[in-house]
Amino acid sequence: MTRTATRSPVETTAVPQVEAPPPVGGRGRRRLLDQARAYAFLLGGLICFALFSWYPAIRAVVIAFQKYTPGSSPEWVGTANFTRVWHDPEFTAAWRNTLVFTLLALLIGFAIPFVLALVLNELRHWKAFFRVVVYLPVMIPPVVTALLWKWFYDPGAGLANETLRFLHLPTSNWSNGTDTALISLVIVATWANLGGTVLIYLAALQSIPGELYEAAELDGASLLQRVRHVTIPQTRFVILMLMLLQIIATMQVFTEPFVITGGGPESATVTVLYLIYKYAFLYNDFGGACALSVMLLVLLGAFSAVYLRLTRSGEDDL
């Protein structure tokens, strides 16, 4: 006789238990209030940023395709503003001067801060004092700096030519000469922005492990060899980042040509940003000014994209 297994008519299955949400009591209510307060502060910042940054940028892009003068209704003209600006004789001069200024700023204003940072890093005494001295020009307002150097470059009684006369050397026209005006402005910009770059380089140098220099000295490496094989490889990421930031900054140069030379002599120092100023406030042509601004925006946006890409790659490597 076989026994059959008896089966219960009602099978019990395991029911997953769902945790009930915590009651919104004192702690939960306080957390919600903190989050709401944080988002409220963030919303205020976003509104200010959108109102004073994004809206003017979007408005400029719209005006670039319009014929717009204050006091009159805008009229859509398509790409006519870009075409007119493109055929302006000063357009080529402005871009050429801007690119030459950027190149000279890289050659002069990129190497000098690195060398000064190396010197400051090797000092044993008075290091804090020299840091303040190097950073002092950054604390001077840009317009004051430009006026100071305008007097310094004065071909008559300026300090530069007076010093050359005292040393019995030939004088120069400095900012008043077509061949020397642009390089004179590069010197001003380099001096004015030297301090911040030096301190960034100095921070990067001090983060290099001392064991690398000790190993290089034991191998008989000279000072130049230590800089080439230890310092530069260890700071290459900072060097590249500062180079891209300097390109973006120098292509927007305006204060020096506006205050010192006024774009002259003979358009030798007219830059893209100065030409935008002339279109907007001298020619009263806001459409042309915005069209030129959009061109500069596209170029600087490309450099900014490269900067962000390299920054992200550097963070991944770290």
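Is Arg-165 buried, exposed or partly exposed? Arg-165 is partly exposed, with a relative accessible area of 36%. Here, buried means under 20% relative accessible area, exposed means over 50%, and partly exposed lies in between (1.4 Å probe, protein chains only).

The legends below describe a predicted model, in which local features need pLDDT of at least 70, side-chain atom pairs count only at pLDDT 80 or more, and totals for chains, interfaces and linings use all residues. Residues are numbered from 1 along each chain as its sequence is written, and side-chain values use heavy atoms, with hydrogens and water left out.

**Figure 1. The whole protein has 15 helices and 2 strands.** Helices (H or I, at least four residues) and strands (E, at least two) are DSSP runs, numbered from the N terminus. The protein has 318 residues, and 32% of them are buried. Its accessible surface comes to about 20800 Å². Carbon and sulfur atoms hold 66% of that surface. Accessible areas come from the Shrake-Rupley method with a 1.4 Å probe; for residues, only the protein chains shown count as cover. Take the contacts between residues at least 6 apart in sequence: 65% of them join residues at least 24 apart. A contact means heavy atoms within 4.5 Å.

**Figure 2. Arg-165 and Glu-162 form a salt bridge.** Their closest N and O atoms are 3.2 Å apart. A salt bridge is a side-chain nitrogen of Lys or Arg within 4 Å of a carboxyl oxygen of Asp or Glu. Both residues lie in helix α7 (residues 159–166). They are 3 residues apart, about one turn of the helix. Glu-162 is partly exposed, at 38% relative accessibility. A search of the whole structure finds 4 salt bridges.

**Figure 3. Asp-34 pairs with Arg-37 in a salt bridge.** The closest N and O atoms are 3.0 Å apart. Both residues belong to helix α1 (residues 26–63). About one helical turn separates Asp-34 and Arg-37, because they are 3 residues apart in that helix. Asp-34 is partly exposed, with a relative accessible area of 40%. Arg-37 is partly exposed too, at 45%.

**Figure 4. A salt bridge joins Asp-285 and Arg-84.** The N to O distance is 2.5 Å. This pair links distant parts of the chain, 201 residues apart. Asp-285 sits in the loop between α14 (272–282) and α15 (286–317). Arg-84 sits in helix α2 (residues 80–86). Asp-285 is buried, with a relative accessible area of 18%. Arg-84 is partly exposed, at 36%.

**Figure 5. Glu-122, Glu-211, Glu-214 and Glu-217 form a negative surface patch.** Patches are made of residues with over 30% relative accessible area and no salt bridge; like charges are joined within 9 Å, and nonpolar side chains (Val, Leu, Ile, Met, Phe, Trp, Tyr) within 5 Å. Lys and Arg count as positive and Asp and Glu as negative, while His and the chain ends are not counted. The place of a charge is taken as NZ of Lys, CZ of Arg, CG of Asp or CD of Glu. Helix α10 (residues 210–218) gives the largest share of the negative patch, 3 residues. Glu-211 is found in helix α10. Glu-211 is exposed, with a relative accessible area of 55%.

**Figure 6. Tyr-135, Leu-136, Val-138, Met-139 and Leu-199 make a nonpolar surface patch.** The patch covers about 400 Å². Its largest share, 4 residues, comes from helix α5 (residues 127–139). Leu-136 lies in that helix, α5. Leu-136 is partly exposed, with a relative accessible area of 45%.

**Figure 7. A cis peptide bond runs from Gly-264 to Pro-265.** Its omega is near -5°. Pro-265 lies in the loop between α13 (255–261) and α14.

**Figure 8. Glu-266 has a positive phi of about 55°, although it is not a glycine.** Glu-266 lies in the loop between α13 and α14. Glu-266 is exposed, with a relative accessible area of 73%. Ser-267 is found in the loop between α13 and α14. Phi of Ser-267 is near 60°, a positive value in a residue other than glycine. Ser-267 is partly exposed, with a relative accessible area of 26%.
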